[in-house]
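Here is a friendly walk through one model, from the whole chain down to a single residue. Have the viewer open as you read.

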Amino acid sequence: MSETLSRVPIIDGWFTDDIDAPTLIGAKCSQCGTFVFPPRSSDCPNPNCDSITLDPTPLSRFGRIWSYTENCYAPPLPYVAAEPYEPYALAAVELAAEGLVVLGRVATGIRAVDLKVGMEMQLELDVSHRDADHEYMVYVWAPATPGSEAAQ
Amino acid sequence: MSNDRDIAILGVGMHPWGKWGHDFTEYGMVAARAALADAQVQWKDIQYVAGADTIRNGYPGFVAGATFAQKLGWNGARVSSSYAACASGAMALDSARAQILAGFCDVALVIGADTTPKGFFAPVGGGDRKHDPDWQRFHVLGATNPVYFALFARRRMDMYGATAEDFAQVKVKNSRHGLNNPNARFRKENVIADVLNSPIVSDPLRLLDICATSDGAAAMVVCSMDFARKHLGNTDGLCRVKAVGTVAPTYPQSVLELPDIASDSTAVVPAPARKWKDTIAFAAYEQAGIGPEDVDLAEVYDLSTALELDWYEHIGLCAEGEAEGLLRSGVTTLGGRVPVNASGGLACFGEAIPAQAISQVCELVWQLRGQATGRQVEGARVGITANQGLFGHGSSVIVAR
């Protein structure tokens with residue numbers, strides 16, 4: 001069925017569509033080097049920097065859980081909840097190189113009981129929801145694969 | 001305790017919190033008239049109306065100052081309308097205070113009222129608002145407000161060994177505090193098991209860990225010390241606003257705060273030594289020339305039980321990681337050294353956004369005057385409020401007599 005659906009990101013420009021090794025797309029200041037997520041093309045947030053230009057940059061695929069939770073009830077619109085609703089986890093993951101903590105859904109099937117603060121996570125893509133013509137993809141955090149860059 | 005930047009609180013008033021779905025201005029009128037009566041000031045003599053906005057009640061809510069002035073009967077007073085999410089009431093007070101201290105007016109009405117929908121708060125505005133971070137966090141992540149409360153709660157468990165029972169104990173304490181508060185919506189004593197048996201909403205937080213959304217209204221009449229002297233003959237024993245700390249973060253905001261999708265980056269500029277929520281009350285302490293050790297009671301924003309514990313640390317009642325110990329020792333319970341949320345807090349009120357920060361100040365005034373029947377903090381002279389509005393609006397008010 002999904003063969004007939006066109007696969008599109010749930011939001012434009014936040015992550016790459018490389019299904020095997022996706023990355024978040026952040027922004028980096030061309031002058032001071034600070035990072036921003038979600039990405040934007042202008043206005044460095046560092047008050048000590050007057051740069052107007054921010055460049056797109058891939059962010060680390062791996063990080064550690066800063067904190068996490070699980071939505072036991074369906075969030076309201078504009079979240080598109082599956083019916084019947086299945087609880088899912090969210091994790092805020094700390095990316096060491098960028099000094100960012102990024103909130104994301106956790107991969108389907110991984111629940112809060114499976115998570116711990118400090119746990120190594122990696123970025124993956126998952127289906128958020130479908131409509132008649134599209135399969136909407138979203139970035140998710142998943143426990144890092146043993147032997148991956150993060151687990152070393 | 002006085003300085004040349006004090007203003008006086010002449011009167012306070014509230015409409016009880018509840019869930020009726022009436023026009024929010026009806027509640028506001030009850031609170032305004034109660035505050036005016038308490039102050040013994042005529043509406044026609046009010047020179048400035050500082051409204052705290054509600055964004056869920058259409059245009060009248062966006063221009064709350066004018067809406068209330070019109071409903072009370074246009075009296076020629078100037079108006080302002082402030083929106084700073086949960087901090088809106090403190091921002092309205094800050095506005096009135098600045099007008100008074102600048103000498104632009106002598107006496108002002110500060111007012112906020114709300115009518116709230118049922119269930120989770122969702123983004124305001126509707127439609128596909130792809131550039132609105134509030135829309136983004138719901139659509140891309142399903143990150144409701146309780147998601148953020150839960151992230152902070154989980155941190156306390158992991159970092160400091162907090163337990164579900166500790167969180168439940170905050171609810172138990174506040175439910176007892178609010179039992180006799182005539183303005184509280186929930187006046188039922190809860191025990192630990194009530195909380196632990198309520199359904200999990202956002203793990204690890206349960207339904208009774210998370211505050212409800214409520215209808216309600218609060219108002220106060222504030223004035224210059226000169227006006228108070230003329231009005232009352234003297235200023236003895238009058239409650240004074242000593243400080244209003246409306247502090248935004250300093251870059252980088254290294255903590256993931258509601259409603260952000262990511263923190264600021266600490267790659268180039270290191271995180272400040274004192275993080276944002278620690279700076280809110282400390283800005284107020286600095287203005288007032290006092291410290292946490294001088295405070296007799298605090299009203300803090302217990303959006304969740306676990307967030308009340310965070311506030312103990314942010315307002316300096318104890319060091320980071322020690323809030324559970326402080327709670328267990330009884331220091332923050334009525335009868336303890338610094339009762340927190342003697343009113344019952346959001347646990348007993350639920351949140352009526354634009355009224356909430358004003359209601360915190362109302363409670364301090366009743367406590368400092370010795371009028372908090374059934375929940376009185378004996379001998380209270382100095383109180384502090386603290387809360388956090390979305391998108392970087394801090395608020396902390398210090399009242400002393």
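## Chain B as a whole

Of the 401 residues in chain B, 60% are buried; a residue counts as buried with 20 or more other C-beta atoms within 10 Å of its own, as exposed with 12 or fewer, and as partly exposed in between, the C-beta atoms being placed from the backbone. This is a predicted model, where local features need pLDDT of at least 70 and side-chain atom pairs count only at pLDDT 80 or more, while totals for chains, interfaces and linings use all residues. Residues are numbered from 1 along each chain as its sequence is written, and chains are lettered from A and ligands numbered from 1 in the order in which they are written.

Chain B has 14 helices and 11 strands, taken as DSSP runs numbered from the N terminus (helices: H or I, at least four residues; strands: E, at least two). Along the principal axes, the C-alpha atoms of chain B fill a box of roughly 55 × 50 × 45 Å.

## Where the chains meet

Here 36 residues of chain B are in contact with 39 residues of chain A, contact meaning C-beta atoms, placed from the backbone, within 7 Å. On the chain B side, helix H5 (133–141), helix H6 (145–160) and strand E5 (200–202) each give two or more residues. That side has 21 nonpolar, nine polar and six charged residues. Ala, Val, Leu, Ile, Met, Phe, Trp, Tyr, Cys and Pro count as nonpolar, Asp, Glu, Lys and Arg as charged, and the others, Gly among them, as polar.

## Helix H6 and its partner H11

Within chain B, Phe149(B), Phe152(B), Ala153(B) and Arg156(B) of H6(B) meet Ala306(B), Leu307(B), Leu309(B) and Asp310(B) of H11(B). By class, the residues of this contact are six nonpolar, no polar and two charged.

## Helix H14

H14(B) covers residues 353–369. Since 16 of its 17 residues are buried, H14(B) is largely enclosed by the rest of the structure. Gly370(B) follows H14(B), with a positive phi near 75°.

## Asp17 in chain A

Asp17(A) sits in the loop between strand E1 (6–9) and strand E2 (25–29) of chain A. Asp17(A) is exposed, with 10 other C-beta atoms within 10 Å.

Note on methods:
Two residues are in contact if their C-beta atoms, placed from the backbone, lie within 7 Å. The expected span of a helix is 1.5 Å times one less than its number of residues.
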